[in-house]
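Have the model open alongside as you read.

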Amino acid sequence: MKLKPPPNPDPDRPDLSSIYSFLQSSQMNNDSTKKRRRKTTDDSDAGVPPGKQGKMKDLKGIITTISLLEQQERVSNDDTSFAEEKQSQTTKTKAMLDYYSDLQGYYSEVEESESVKRKRSRNAASVAAAAAGDVSENKGAKGGNGSGSGQHRRLWVKDRSKAWWDECNQPDFPEEEFKKAFRMGKATFDLICDELNSAIAKEDTTLRNAIPVRQRVAVCLWRLATGDPLRLVSKRFGLGISTCHKLVLEVCSAIRIVLMPKYLNWPEDGVLRKVKDEFKSISGIPNVVGSMYTTHIPIIAPKISVAAYFNKRHTERNQKTSYSITVQGVVNPKGVFTDVCIGWPGSMPDDQVLEKSALHQRAGNGLLKGVWIVGSSGYPLLDWVLVPYTQQHLTWTQHAFNEKIGEIQIVSKDAFARLKGRWLCLQKRTEVKLQDLPVVLGACCVLHNICELRNEEIEPELRIELVDDEMVPEVALRSQSSMKARDAIAHNLLHHGLAGTSFL
């Protein structure tokens with residue numbers, strides 16, 4: 001049965017015929033639903049008068065139509081509001097991006113303008129400083145006294161007192177006081193400055209004057225001679241702490257590069273003959289070209305390989321934890337170093353240090369064939385290393401040999417005592433980094449040689465007595481031919497009346 005739309009008696013009332021057609025088509029598409037609805041409608045309309053049934057159907061259709069319209073309108077409103085909200089968010093995002101872009105451009109312009117202003121101010125300050133310097137120099141030239149009026153304090157340099165160094169640098173400063181401060185006389189000091197001038201001289205800049213070469217050398221020598229902390233060196237010379245530290249390393253590096261090849265080298269053949277004769281006159285032992293000794297330099301506990309630098313013997317003797325590095329040196333009869341090996345850890349015994357040295361490699365290449373280097377009982381007996389007898393129950397001949405060889409050993413030990421006494425930084429745990437220590441220690445050895453060659457006497461109060469424990473190597477005899485040669489030397493010393501008799 002098809003539903004017929006009721007007539008529209010009121011022209012102002014909306015025409016619902018299209019809605020009824022829509023409802024009718026939907027009911028035809030679902031037969032089962034229509035049957036259930038029809039059955040339910042028949043059951044619910046049972047007992048209802050026929051006149052009212054048409055009105056109820058009309059009312060239900062109207063209600064259904066109104067609900068569909070409301071739902072459709074709600075969906076349409078949601079779509080519209082979502083689109084509007086999305087468009088609003090897009091507009092806000094674009095506005096924010098434009099704002100931040102404009103803000104970044106503004107700050108970039110501000111930074112550029114500030115940079116230009118700073119650059120202009122620096123240029124203006126430089127020009128003003130240069131102009132002030134020219135004016136002061138002109139005034140000094142007109143007044144005839146340029147030393148006082150030509151000085152111009154730079155704008156950013158801290159004013160420190162240099163009175164002590166200015167007094168030491170005067171020509172009339174007492175020689176003894178100068179030597180006490182720098183461990184050498186003025187002539188030797190001037191020699192070192194002249195030798196290092198090309199390596200350490202700096203040029204003046206617009207904002208500051210360069211530190212003179214004499215002051216650079218003086219800072220380094222004072223630091224090595226006294227071992228004072230850098231803050232005290234800074235106050236003494238009127239310089240910054242970091243500047244003093246930098247000067248010490250620069251001058252020591254220049255000494256090692258420029259002066260070491262000239263003042264610390266292995267003697268040539270002509271010089272070696274004189275060295276042999278001098279050592280023979282001391283002990284009667286022939287063909288000796290050097291006296292060898294190894295000492296320890298205390299250091300602060302390193303951050304890496306701590307166990308390698310731990311000095312067990314010094315720790316046990318001093319009852320204080322000690323760390324050190326070694327310095328092995330060979331000297332001639334005058335106590336001048338001819339070979340040094342610096343920087344091996346303090347836990348290594350003397351024989352291992354010797355095996356690591358360039359001297360051992362040189363001997364392995366045959367450059368020390370037929371000559372002797374005298375060492376202590378801490379070294380092994382080699383084809384080129386002569387050491388005393390160490391076994392128990394020595395014979396008279398062996399005792400006499402040890403006494404004579406001890407006279408050669410004392411030469412190197414005294415040389416190291418003067419080295420450490422002259423440069424007190426070698427007796428203290430220094431602030432220098434471990435990797436920079438070989439440069440500083442090498443410079444001390446070169447300066448020692450210069451002082452010894454120029455007969456710079458060390459003050460009596462600076463003399464010290466070395467205490468370095470000697471450990472007999474596990475394998476002390478490493479050459480059968482050297483054992484026979486040593487026995488022959490001992491026999492000749494005794495039977496030619498050259499051996500000592502103090503052991504008696």
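## A kinked helix

Bear in mind that this is a predicted model. Let's begin with helix 16, which covers residues 396–422. There's a kink of about 25 degrees in this helix, and it is centred on glutamate 407. Even so, the 27 residues of helix 16 reach 39 Å from the first C-alpha to the last, close to the 39 Å expected at 1.5 Å a residue.

## Helix 8 against helix 9

Next up is a helix pair: helix 8 (residues 213–226) packs with helix 9 (residues 230–237) at an angle of about 140 degrees. Their axes lie 11 Å apart, and the crossing is right-handed.

Who's doing the touching? On the helix 8 side, the contact is made by Gln215, Ala218, Val219, Trp222 and Arg223, and helix 9 brings Leu230, Val233, Arg236 and Phe237. Sort the residues of this contact by type and you get six nonpolar, one polar and two charged.

Searching the whole structure turns up 13 aromatic pairs. One of them joins tryptophan 164 and phenylalanine 237: the ring centres are 5.5 Å apart and the planes sit at 85 degrees, so the pair counts as edge-to-face.

How values were computed. Residues are numbered from 1 along each chain as its sequence is written. This is a predicted model: local features need pLDDT of at least 70, side-chain atom pairs count only at pLDDT 80 or more; totals for chains, interfaces and linings use all residues. Side-chain values use heavy atoms; hydrogens and water are left out. Axes are lines fitted to C-alpha atoms, for helices over the stretch in contact, and angles run from 0 to 180 degrees between N-to-C directions. Helices (H or I, at least four residues) and strands (E, at least two) are DSSP runs, numbered from the N terminus. A crossing is left-handed if the near helix is turned anticlockwise from the far one by less than a right angle, and right-handed if clockwise. Contact means heavy atoms within 4.5 Å. Ala, Val, Leu, Ile, Met, Phe, Trp, Tyr, Cys and Pro count as nonpolar, Asp, Glu, Lys and Arg as charged, and the others, Gly among them, as polar. The expected span of a helix is 1.5 Å times one less than its number of residues. The bend at a residue is the angle between axes fitted to the seven residues ending there and the seven starting there. Rings of Phe, Tyr and Trp (its six-membered ring) pair if their centres lie within 6.5 Å; planes under 30 degrees apart count as stacked, over 60 as edge-to-face and the rest as tilted.
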